[in-house]
Amino acid sequence: MEGRFRHRRAELVYDDAGEGPPAVYAHGGLVSQAVEDRMGLFDWGPVLDRGRRLVRYDARAHGRSTGEPVDSDYTYTSLADDLLALLDHLGVTEPIDAMGASMGCGTVLHAAVQAPDRFSRLALLIPPTAWTTRKAYARTNQASADTIGREGVDAWLAAKREQPRPAVVADVPIFPPTPAERVLPSVLRGLALSDLPSPAAIAALRRPALILAWADDPGHPLSTAQTLADVLPHADLHVSRTRADICMWGERIADYLTRPVPTDRNSGRDKQS
């Protein structure tokens, strides 16, 4: 079922499927639900098959959702506010399991730090650059926004296609960004202004997490995933080195969401790779 609601000058669009305890998913930057499905990376069927209600939404200015060319609308903290507004719209009152990939990972972490009582468990897919690795990413995003402003999106895309891709996802189809050209520079600048919450703030969150990363991707470095695994209690880290293993992430998430929620009293850390 498709749903829509308005929040801060935008109409946000979500899909609500399945029945049972709800879980919410935030996608990566510059794509959308539909594009992620066409890329064939993540299979959400196992989550639905295990009796879960799954809510996936298109981030502000992405896919079917609207957005304005305002840089601050696309920072992680602003996108986290959108996620919390979605939970309000859905009438979610109990702590919810939340999942996010790349930009969506940043969205989920900021939302959980802002409102920890609203979240139960986290599934953090391909955590992005953060802290010491974020500055270079920010410079690249700012330069990309400037290129689009001077030469248009086609010139930026042509240069982007020449860049090497991580071997683990080298065969994944490439799609143009879903934000419209008039908004895309603001999306890129907003992400350039973003970073994950500090490790200390994440540690204080004290929520269990499944962390799913893949290897050899400077845009999603293993250093971020490892730091998250180190500071979050009851963190389960898995690193994929093949596309076939990534295709099992939906099953891993479904298994994780069917486990009892660990507590500090009855579970220690679980780290694996």
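Biologist: Let's start with strand β8 (residues 235–240): how many of its residues are buried?
Modeller: Keep in mind that this is a predicted model. Strand β8 is largely enclosed by the rest of the structure, because its buried residues number 6 of 6.

Biologist: And which residues of β8 point the other way from A235, L237 and V239?
Modeller: A235, L237 and V239 point one way from the strand, and these three are buried. The residues on the other side are buried too, and they are D236, H238 and S240.

Biologist: Which residue of β8 is the bridge partner of L212?
Modeller: Strand β7 (residues 209–214) pairs with β8 in the parallel sense, over 6 bridges. L212 bridges to a residue of β8, and that partner is H238.

Biologist: What is the handedness of the β-α-β crossover from β7 to β8?
Modeller: β7 and β8 pair in the parallel sense. Between them the chain passes through helix α9 (residues 222–231), and the crossover is right-handed.

Biologist: What about H220, buried or exposed?
Modeller: H220 is also placed in the loop between β7 and α9. Its relative accessibility is 16%, which falls under the 20% limit. So H220 counts as buried.

Biologist: Which side chain makes a polar contact of 2.7 Å with H220, apart from that of D217?
Modeller: The side chains of H220 and D217 are joined by a polar contact of 2.7 Å. The H220 side chain makes another polar contact, also listed at 2.7 Å, and the partner there is the side chain of S102.

Biologist: Let's look at the largest pocket. Which residues are the closest to its centre?
Modeller: About 1500 Å³ of space lies in this pocket. It is lined by 48 residues, and the closest to the centre are K160, Q163, D217, G219 and H220.

Biologist: Which helix gives the largest share of the lining of that pocket?
Modeller: Four helices each supply at least two residues: α1 (33–39), α5 (134–151), α6 (153–161) and α7 (184–192). The largest share is 7 residues, and it comes from α5.

Biologist: By class, how many nonpolar residues are in the lining of the largest pocket?
Modeller: The lining has 12 polar and 7 charged residues. The nonpolar count in that lining is 29.

Biologist: How many charged residues are in the lining of the largest cavity?
Modeller: The lining has 5 nonpolar and 3 polar residues. Its charged residues number 2.

Biologist: R56 is found in strand β4. Which residue's side chain does it contact at 3.0 Å?
Modeller: R56 counts as buried, with 11% relative accessibility. Its side chain takes part in a polar contact of 3.0 Å, and the partner is D37.

Biologist: Last one: how far apart in space are D154 and E181, C-alpha to C-alpha?
Modeller: D154 is found in helix α6 and is exposed, with a relative accessible area of 61%. D154 and E181 are 27 residues apart in sequence. In space, C-alpha to C-alpha, their separation is 9.7 Å.

Methods:
Residues numbered from 1 in each chain as written. Predicted model: local features only at pLDDT ≥ 70, side-chain atom pairs only at ≥ 80, totals over all residues. Heavy atoms only, no water. Buried < 20%, exposed > 50% of the residue type's maximum accessible area, 1.4 Å probe, protein only. Pairing = 2+ DSSP bridges. Right-handed = clockwise from strand over helix to strand, strands pointing away. 1 Å grid on protein atoms, 1.4 Å probe; cavity = no way out; pocket = protein on both sides within 12 Å on 5 of 7 lines; lining within 4 Å. Points joined across faces, edges and corners; volume = space filled by probe spheres on them. Nonpolar A, V, L, I, M, F, W, Y, C, P; charged D, E, K, R; others polar. Polar contact = N/O pair within 3.5 Å; in protein donor to acceptor, adjacent residues only side chain to side chain.
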